[in-house]
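Please read the following explanation alongside the sequence and the model.

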Amino acid sequence: VSTQSTWAHNKAQSLLLRMLEIGPSEPILEILTMGFKHRSPKVRSACLQSLIVAIQEFGECEAWSNLRHHPNLIIPILEDADGKVRKTALNLVIELALRGPLRYMNSLRDVHKEIVNKAVSDSSNRVTAPVRKI
């Protein structure tokens, strides 16, 4: 990864977080979840990673409830053809599970359930207070 690419990614991430902090989060969340279906695995992975960072920055908020309660947003990307996308999607599910119950936990494949349950039990004390408020 080039330095310019990393710089651009960090700037984009900062802009996204600032937009979430200033304005309504639902349109931004909608755009990021649309990225789950993009043809490029780099875009899919970046959208997932952006959501993970936003959840870590802002903690629990109503904007994430769609991600926690609607399996049709998350389950398909857990089966993505790209391994990095699958791993990032699983990390997103873990972040969401750390902050509350997932309605679609029973819909996850057994291997995903094991990983999520282990991560939640291993890091029950890891969830920190949000850095910012939406």
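Confidence in the protein chain is lowest in helix α4 (residues 65-69), with a mean of 79, and highest in helix α6 (residues 83-98), with 92. These values are pLDDT, the predictor's confidence in each residue on a scale from 0 to 100. Over the protein chain the average pLDDT is 83, and 90% of the residues score at least 70. Where pLDDT is low, the predicted coordinates should not be read in detail. This is a predicted model, in which local features need pLDDT of at least 70 and side-chain atom pairs count only at pLDDT 80 or more, while totals for chains, interfaces and linings use all residues. Residues are numbered from 1 along each chain as its sequence is written, and side-chain values use heavy atoms, with hydrogens and water left out. Helices are DSSP runs (H or I, at least four residues), numbered from the N terminus.

Helix α1 (residues 3-22) packs with helix α3 (residues 41-58) at an angle of about 50°, and their axes are 10 Å apart. Axes here are lines fitted to C-alpha atoms over the stretch in contact, and angles run from 0 to 180 degrees between N-to-C directions. The two helices α1 and α3 are therefore oblique to each other; angles under 35 degrees count as roughly parallel, over 145 as roughly antiparallel, 65 to 115 as roughly perpendicular and the rest as oblique. From α1, Gln13, Leu16, Leu17, Leu20 and Glu21 meet Ser50, Val53, Ala54, Glu57 and Phe58 of α3, where contact means heavy atoms within 4.5 Å. By class, this contact of α1 with α3 has six nonpolar, two polar and two charged residues. Nonpolar covers Ala, Val, Leu, Ile, Met, Phe, Trp, Tyr, Cys and Pro; charged covers Asp, Glu, Lys and Arg; the others, Gly among them, are polar.

Ser50 lies in helix α3. Ser50 is buried, with a relative accessible area of 10% (buried means under 20%, exposed over 50%, partly exposed in between, with a 1.4 Å probe and protein chains only). Not counting residues up to four places away in sequence, Ser50 touches Gln13, Leu16 and Leu32.

Helix α5 (residues 71-78) and α6 pack at about 145°, with axes 8 Å apart. Ile74, Ile77 and Leu78 in α5 meet residues of α6 including Val85, Ala89 and Val93. The contact of α5 with α6 has eight nonpolar residues, no polar ones and one charged.

Ala119 is found in helix α7 (residues 110-122) and counts as buried, at 17% relative accessibility. Leaving aside neighbours within four places in sequence, Ala119 is in contact with Ile94 and Leu98.
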